[in-house]
Amino acid sequence: MAVYSRSRCREWALQFLYQGEFSGPWQPEAVERFWSHFQIEGAVPAYLKELVAGVASHLDELDAFIVRFSEHWRLERMTVVDRNLLRLAIYELLYQPQIPPKVVINEAVEMAKRYGSETSGAFINGILDQVRLSVGREV
């Protein structure tokens, strides 16, 4: 069985969450269907499942953090990429204490630069740093 990096699982999780914005409420079997589209042998990576399930089960809490720290931005006005990157990274900041916050934030910013707009990186960085400080995580 292949082992995939957390970075790669984060990218797949972002793609899954992006797709989920258009396909309706999250269902556990949706991750299996999503994975089958890549035609990669083997099971869905455990970290991908964990990220998707974690974001889904804590969605209201994650969105509350985004709303709290995004001045002058309503959640529904954010781009789908930015909104889901924030959800994913905030989930990791809150529920993955073994991962250094610096890693979570840097990876989210890099994905924002790759998949978002030209201002996404700074926007994501600013909100995530505020979340990090509010929950008392050291860089």
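User: Leaving aside neighbours within four places in sequence, which residues is Leu 88 in contact with?

Analyst: Sequence neighbours within four places excluded, Leu 88 is in contact with Arg 10, Ala 13, Leu 14, Leu 17, Leu 51, Val 55 and Met 111, where contact means heavy atoms within 4.5 Å. The model is predicted, so local features need pLDDT of at least 70 and side-chain atom pairs count only at pLDDT 80 or more, while totals for chains, interfaces and linings use all residues. Residues are numbered from 1 along each chain as its sequence is written, and side-chain values use heavy atoms, with hydrogens and water left out.

User: Why is Leu 17 called buried?

Analyst: The relative accessibility of Leu 17 is 11%, and buried means under 20% relative accessible area, with a 1.4 Å probe and protein chains only. Leu 17 therefore counts as buried. This residue is found in helix H1 and, beyond its neighbours within four places in sequence, is in contact with Val 55, Asn 84 and Leu 88.

User: What makes the packing of H1 and H6 oblique?

Analyst: Helix H1 (residues 6-23) and helix H6 (residues 101-115) pack at an angle of about 50°, and their axes are 11 Å apart. Angles under 35 degrees count as roughly parallel, over 145 as roughly antiparallel and 65 to 115 as roughly perpendicular, the rest being oblique. H1 and H6 are therefore oblique to each other. Their crossing is right-handed, the near helix being turned clockwise from the far one by less than a right angle. The contact involves Ser 7, Arg 10, Glu 11, Leu 14 and Gln 15 of H1 with Val 103, Glu 107, Met 111, Arg 114 and Tyr 115 of H6.

User: How do you know that H4 is roughly perpendicular to H5?

Analyst: The axes of helix H4 (residues 59-69) and helix H5 (residues 80-95) cross at roughly 105° and come within 9 Å. That angle makes H4 roughly perpendicular to H5. Residues in this contact include Leu 62, Phe 65 and Ile 66 of H4 and Leu 86, Ile 90 and Tyr 91 of H5.

User: Which residues touch the most other members of the largest nonpolar core?

Analyst: Of its 42 residues, these are Leu 48, Leu 85, Leu 86, Leu 88, Ile 90, Ile 124 and Leu 128. Such a core is a set of buried Ala, Val, Leu, Ile, Met, Phe, Trp, Tyr and Cys residues joined through side-chain atoms within 4.5 Å. H5 supplies the largest share of this core, 8 residues.

Definitions and conventions: Axes fitted to C-alpha atoms, helices over the stretch in contact; angles between N-to-C directions. Helix = DSSP H or I, 4+ residues; strand = E, 2+ residues; numbered from the N terminus. Buried < 20%, exposed > 50% of the residue type's maximum accessible area, 1.4 Å probe, protein only.
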